[in-house]
Amino acid sequence: MPLAPARIRTRPHTRFRAAAATLACVASLALSVAAIPAAVAAPSQGSTLQASSSVSALAGQAEQVLVVPVTAGLEPTRVRGTIVVSGKPEGTVRATVNGRVVLEAGAAASIPLDAAVSSADVLTQQLTVGLQFVPATQTMCVLSNATATLNNMVVDFSGTAKAPTTVGEFFPASVPAVVLPVPTDPGADVSAAIMTASAAMSHRYPDAAVAVVPESELAARVANLPAGSRILSVVADPGEVGTKLATAAGLPQLILAGHDEQLRTAARALASDKTALAVTPSVTGLTSALPAAPGLAQSIKDLGSATLKLSGYGTPESYVGVSQSQFGGPVSSVKVQLKGTHTAVPDNAHAQLSVFWNDYLLSSQNLDGGDNFTVDAEVPAGQLQGKNGLRIRLAALPAGGDCSGPAGVMPMEVTLDTAGSTVTAVRGESTKAGFARFPQVLGQSVPVAFGDGSAQANTVNAATLVAALQRDSATLLDTRVVGIDALADSSESGLVVGATAEMANKLSAPLRLAEFRTISPDDVEYGVGVSAPYGVLEAFEQGGRNLLLLGAWAPEGDVAAAATLQGQLAAHVGGVEGGWGSLSRNLLVTQPSGTPVLLESNVVVPQKAVTDDYRPYAWWIGGAVLVLGLAFALRTVLMRKRAREAQAYVDAELKSSEPGHGN
């Protein structure tokens, strides 16, 4: 599972680059957005190092920042890294720490950053590092396309990490990683609570690495984790639900104990920042109601943009992310209404406001005739995705189109009324059945059915998939364990983990857990046959609802091989670059060797189980054809008989009319 220690606060055009650092120190700590470090010592007295993701700023762009969590007890002493400028290095590069300028230098191909910091630069246990590139010359209309990037940033720390003494301290503003161990044989209530806790931690700490592991692997997993990481354990207890603090493998641990529905409710409460109010080492009766589902009408402010302002000449623009999950479920259409004000357009100047949805132009209008504007546009169904982008662009030219003057001279400015501007959706489907329909089709409630095999392995895999889904969901996912028959007979969308061939057949999955081969060898790098076990994650529609199914097939019923492949698939989904949104089509298939491959089910040669599903229809069709054939034959016979009778009648009439007939 990749670690994401720092949160990057980005604006349009911000570029992301993974940082790789090899840090050697007596007590060192390495974090990377690309992968979990190979070996990191636990924090102790002395200097520690913390590597973070990179941050980039375009020339003329507002300051771009990234946030590094600071563990209680540690004090940052220095910030170090290298700033690389691409394009023409003309201008000034400025670096700040919590708003304080620590570097201001002329742009160059490479600029070292090495600045002293202290606890005074830490706010709410976070160190904010900013980067800005001010170009040497600016005109009204055109800015440089050069970019400054801070790479391989590290923060030196001194002191010793402080262990939390209260439940509130266990949940700081940000953490680099959370590990949830799963006991050997969890009951259904413990499994449901672990999945709920996995979703809660992913929802509360979207930039943290949330890993779910078997209890026996806990020590090995946390040995590589940075200071400030947490262990969250869920255990069965017949008494009242409660929490207590402990230490495991040198890291702070919170143990949540309880049983039945109360245990799952308590795990859901961990998503709330109100746990910061718990100022004791243990808490009992922890509970939380599920937040109300969001409505179908959301303001731009509700969608995360409290302020939205465009200013200057040229083409300044702003971006608002819009996911279907922000409407509480899948939607079939969207209407956008934007309201705002703008500065007066000078004589002979031009200003135009354009609105894009996923780079599709929705509307464009000239800004003139007053200082207010309203944009009404409807998004075509074909332009709707699970995650979308609403982009607003101001295109402005000064009077006479003269761009040679200095920037900032009577600039155009547009201010959006973020509370009054709305995005209104209609419930329904707009994407093809497959991975793209998740997580929005789940809404808030996620029933999970387990198949055969280890309850521990199924819980690990299910909680890992839930964490991946939660990262792409704006609403908190509420998981619960149900029986496979209950899920099959319901109309709810859900998840099946550890599926058997019988389950795949019962749910009419597109790929049954049996041998298969593909129509086109270009779609896969391997073949599947008698000697080739495989694991598969399927996303499909069945009975008007959508399901995710994780299962595996191995020759001669090799249970161990099937379990290993399912675990590998779940881990891949949990750590894939781009998260759940990077999955496409409706099948993710893996084998013991090779990288998981995304497939479309129509490239799979129909399996016997699939053709058997249609056998009754074939008999009915055959019977119908037979009946129609008999009816046609009977009709033909009757028509011929009738034709003969008619002909005989005509012949008789003619004969009777002949002269001398009857004499």
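Contact, in what follows, means heavy atoms within 4.5 Å. This is a predicted model, in which local features need pLDDT of at least 70 and side-chain atom pairs count only at pLDDT 80 or more, while totals for chains, interfaces and linings use all residues. Residues are numbered from 1 along each chain as its sequence is written, and side-chain values use heavy atoms, with hydrogens and water left out.

Let's start with D121. Leaving aside residues up to four places away in sequence, D121 touches V97, N98, R100, Q126 and L127. You'll find D121 in the loop between β8 (110–116) and β9; strands here are DSSP runs of E with at least two residues, helices are runs of H or I with at least four, and both are numbered from the N terminus. D121 counts as buried, at 7% relative accessibility, where buried means under 20% relative accessible area, exposed means over 50%, and partly exposed is in between (1.4 Å probe, protein chains only). Its side chain makes a polar contact with the side chain of R100, at 2.9 Å. A polar contact is a pair of N or O atoms within 3.5 Å; within protein, one must be able to donate a hydrogen and the other to accept it, and residues adjacent in sequence count only if both atoms are side-chain atoms.

Move along to Q125, in the loop between β9 (122–123) and β10 (126–135). Most residues other than glycine have a negative phi, and most peptide bonds are trans. Q125 is not a glycine, yet has a positive phi of about 60 degrees. With a relative accessible area of 33%, Q125 is partly exposed. D260, in helix α4, is another non-glycine with a positive phi, this one about 55 degrees; D260 is partly exposed too, with a relative accessible area of 46%. As for the peptide bonds, a cis one joins F438 and P439, with omega about 5 degrees. P439 sits in the loop between β27 (422–427) and β28 (445–450).

Now back to α4 as a whole. This helix is mostly covered, with seven of its 10 residues buried: L263, R264, T265, A266, A267, R268 and A269. What does the covering? The cover over the buried residues of α4 includes α2, β14 (230–236), β16 (251–258) and β29 (478–482).

That brings us to helix packing. Two packed helices are described by the angle between their axes and the distance between the axes. The axes of α2 (residues 188–204) and α4 (residues 260–269) come within 8 Å and cross at roughly 10 degrees. Axes are lines fitted to C-alpha atoms, for helices over the stretch in contact, and angles run from 0 to 180 degrees between N-to-C directions. That makes α2 roughly parallel to α4 (angles under 35 degrees count as roughly parallel, over 145 as roughly antiparallel, 65 to 115 as roughly perpendicular and the rest as oblique). On the α2 side the contact is made by D189, V190, A192, A193, T196, A197 and A200, and on the α4 side by D260, L263, R264, A267 and R268. By class, that contact has seven nonpolar residues, one polar and four charged. Here Ala, Val, Leu, Ile, Met, Phe, Trp, Tyr, Cys and Pro count as nonpolar, Asp, Glu, Lys and Arg as charged, and the others, Gly among them, as polar.

Helix α2 also packs on α5: their axes come within 8 Å and cross at roughly 30 degrees, which makes α2 roughly parallel to α5. S191, I194, M195, S198, A199, S202 and H203 of α2 meet T459, A462, A463, V466, A467, Q470 and R471 of α5. These divide into seven nonpolar, six polar and one charged.

Helix α5 packs on α8 (residues 559–575) as well, at an angle of about 20 degrees with the axes 8 Å apart. That makes α5 roughly parallel to α8, and the crossing is left-handed. From α5, N461, T464, L465 and A468 meet Q566, G567, A570, A571, V573 and G574 in α8. This contact has five nonpolar, five polar and no charged residues.

Finally, look at Q456, in α5 (residues 455–471). Is Q456 buried or exposed? Q456 is buried, with a relative accessible area of 15%. Leaving out residues up to four places away in sequence, Q456 touches V182, P183, T184, P186, P214 and E215. A polar atom of the Q456 side chain lies 3.3 Å from the backbone oxygen of P183.

Key. A crossing is left-handed if the near helix is turned anticlockwise from the far one by less than a right angle, and right-handed if clockwise.
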